[in-house]
Amino acid sequence: MLNYDLVVIGGGPAGLAAAVEAKKNGIDSILIIERDRELGGILNQCIHSGFGLHEFKEELAGPEYAQRFIDQVNELGIEYILNTMVIELNKDKEIIALSEDGLINIGAKSIVLAMGCRERTAGAVAMNGYRPAGVYTAGMAQRMMNMEGLMVGKEVVIYGSGDIGLIMARRMTLEGAKVKCVVEISPQSSGLNRNIAQCLNDYDIPLYLSHNINKVHGKEKIEGVTICKVDEKWQPIKGTEQYFSCDTLLLSIGLIPENELTVNAGIEIGEVTNGPKVKSNMETSMEGVFSCGNVLHVHDIVDFVTKESRVAGKNAADYIKGINDSDGKKLFETEAGNGVSYVIPNYVVSGGKDGANLYFRSRKPYKKVEVKVLIGDKVIKTKKMPAMIPSEMVNIPLSPEEIANLNDKIKVEVKEIGK
């Protein structure tokens with residue numbers, strides 16, 4: 001069995017940042033396990049700009065952002081293995097991984113879970129018709145085009161308005177395809193406002209909100225789709241059908257944290273996020289196992305992934321050195337109050353030396369809101385925002401002083417203060 005102080009599962013932006021931070025905090029025996037052929041994760045296929053504005057104060061493409069951390073991994077001498085899939089993690093922090101050379105048994109004093117997320121597929125939505133060729137998830141189409149150099153189609157309909165779908169609408173257009181429309185079942189887009197403006201509006205691509213794909217036409221190869229308007233209960237409204245011919249249908253219908261390993265290890269999972277429940281030091285319900293990035297909860301900005309992963313890396317290093325910020329301290333739950341869908345972390349350590357970073361999303365779009373953070377009935381922090389939408393995550397940091405003497409759960413709530 002191979003033995004390391006720290007094993008990081010996943011070599012994407014979360015895993016890289018956590019490993020680098022652990023190394024900077026005095027841990028030399030580190031292994032990153034990555035299932036793909038190179039480090040960098042999803043960023044390698046995100047060749048558009050818009051990354052790094054928070055972290056580096058400049059606009060970078062996805063591979064450029066990833067390379068900044070890959071360079072640090074190499075400079076610091078952090079060990080990593082590629083083309084290797086972790087297939088089992090047990091309660092003793094023992095890992096079984098499958099590499100090109102066969103099975104590897106690895107022991108660790110601490111583990112960081114950074115496996116990222118995967119896309120929902122056609123099986124997650126009800127669409128009438130056969131399953132013809134030409135239907136892809138948006139992320140798969142993105143990889144095929146940006147990394148493999150393959151053009152997936154010429155006449156395109158996109159189902160779902162997640163960020164990858166919006167970005168692929170622009171990408172397909174720039175490569176000469178005709179994007180007929182983007183279809184979204186909800187009354188508002190699930191993507192960032194900037195992506196709607198830059199990827200749809202700038203290219204005159206129509207966005208059909210409160211619409212569903214009623215039928216997929218074609219048996220062997222997709223020939224077109226029929227869309228229709230839906231009511232508040234997502235039921236089709238008769239007489240609103242429209243037909244669009246297409247040879248490609250891209251699905252951008254949500255992301256799911258990749259937590260099969262986590263569940264099988266017996267780690268507690270959050271109902272809303274589908275990621276591990278964590279304390280403010282990013283430790284899961286299994287002692288010495290930490291989690292960060294999209295495996296914890298789906299992020300919209302990679303800079304927040306990096307910020308969160310540094311916390312996980314630092315606290316994993318402390319744990320290895322015999323320092324655990326939650327030892328002997330009380331834990332208090334966080335609660336999603338009015339207008340909030342979830343709050344991460346799930347527990348805050350009373351008197352945590354580094355404070356706590358609260359991440360949350362609103363349940364619906366708001367204009368002119370006030371966010372309140374309460375301990376019991378006492379308001380400890382407020383933040384006014386001109387607007388808030390579910391697709392944009394909000395971060396509110398709490399200082400060590402603000403959580404020094406916690407005596408009740410922490411609640412985050414949103415109140416609209418104007419129209």
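Among contacts in the chain between residues at least 6 apart in sequence, what share joins residues at least 24 apart? I looked this up before anything else, keeping in mind that the model is predicted. The share is 63%.

**Entry: the whole chain**

I noted seven helices and 28 strands in the chain. The C-alpha trace spans about 65 × 60 × 40 Å along its principal axes. I then checked the radius of gyration, which is 22 Å. This agrees with a compact globule, because a chain of 419 residues would then have a value near 22 Å. Buried residues make up 55% of the 419 residues. The chain exposes about 18600 Å², and carbon and sulfur atoms supply 48% of that area. I also looked up the charges: the mean positions of the 48 positive and 55 negative ones are 6 Å apart.

**Entry: the nonpolar cores**

I went to the largest nonpolar core, which has 42 residues. Leu6, Ile32 and Val112 touch the most other members. Among the elements that give two or more residues to this core are strand 1 (2–9), helix 1 (13–24) and strand 2 (30–33). Helix 7 gives the most, with eight residues.

I listed what Ile32 touches, leaving out residues up to four places away in sequence. Its contacts include Val8, Leu16, Leu39, Val73 and Tyr80. A second, separate core has 22 residues, including Val343 and Val394.

**Entry: helix 3**

Is helix 3 (residues 138–146) mostly covered or mostly uncovered? I found it mostly covered, with eight of its nine residues buried. Gln142, Arg143 and Asn146 are among the buried ones, as are Met144 and Met145. The buried residues of helix 3 pack against strand 9 (117–119), strand 11 (135–137), helix 4 (163–174) and strand 18 (248–251).

**Entry: backbone details**

I found a cis peptide bond from Ile344 to Pro345, with omega near 5°. Pro345 sits in the loop between strand 22 and strand 23 (347–349).

Next I looked at positive phi values. Asp204 has a phi of about 55°, although it is not a glycine. Asp204 lies in the loop between helix 5 (193–200) and strand 14 (207–208).

Trp234 is not a glycine either, and its phi is positive at about 65°. I placed Trp234 in the loop between strand 16 (224–229) and strand 17 (242–245).

Terms used:
Residues numbered from 1 in each chain as written. Predicted model: local features only at pLDDT ≥ 70, side-chain atom pairs only at ≥ 80, totals over all residues. Heavy atoms only, no water. Buried < 20%, exposed > 50% of the residue type's maximum accessible area, 1.4 Å probe, protein only. Helix = DSSP H or I, 4+ residues; strand = E, 2+ residues; numbered from the N terminus. Contact = heavy atoms within 4.5 Å. Core = buried A, V, L, I, M, F, W, Y, C linked by side-chain atoms within 4.5 Å. Rg over C-alpha atoms; globule rule 2.2 N^0.38 Å. Areas by Shrake-Rupley, 256 points an atom, 1.4 Å probe, with all protein chains shown as cover. Lys, Arg positive; Asp, Glu negative; His and termini not counted. Charge placed at Lys NZ, Arg CZ, Asp CG, Glu CD.
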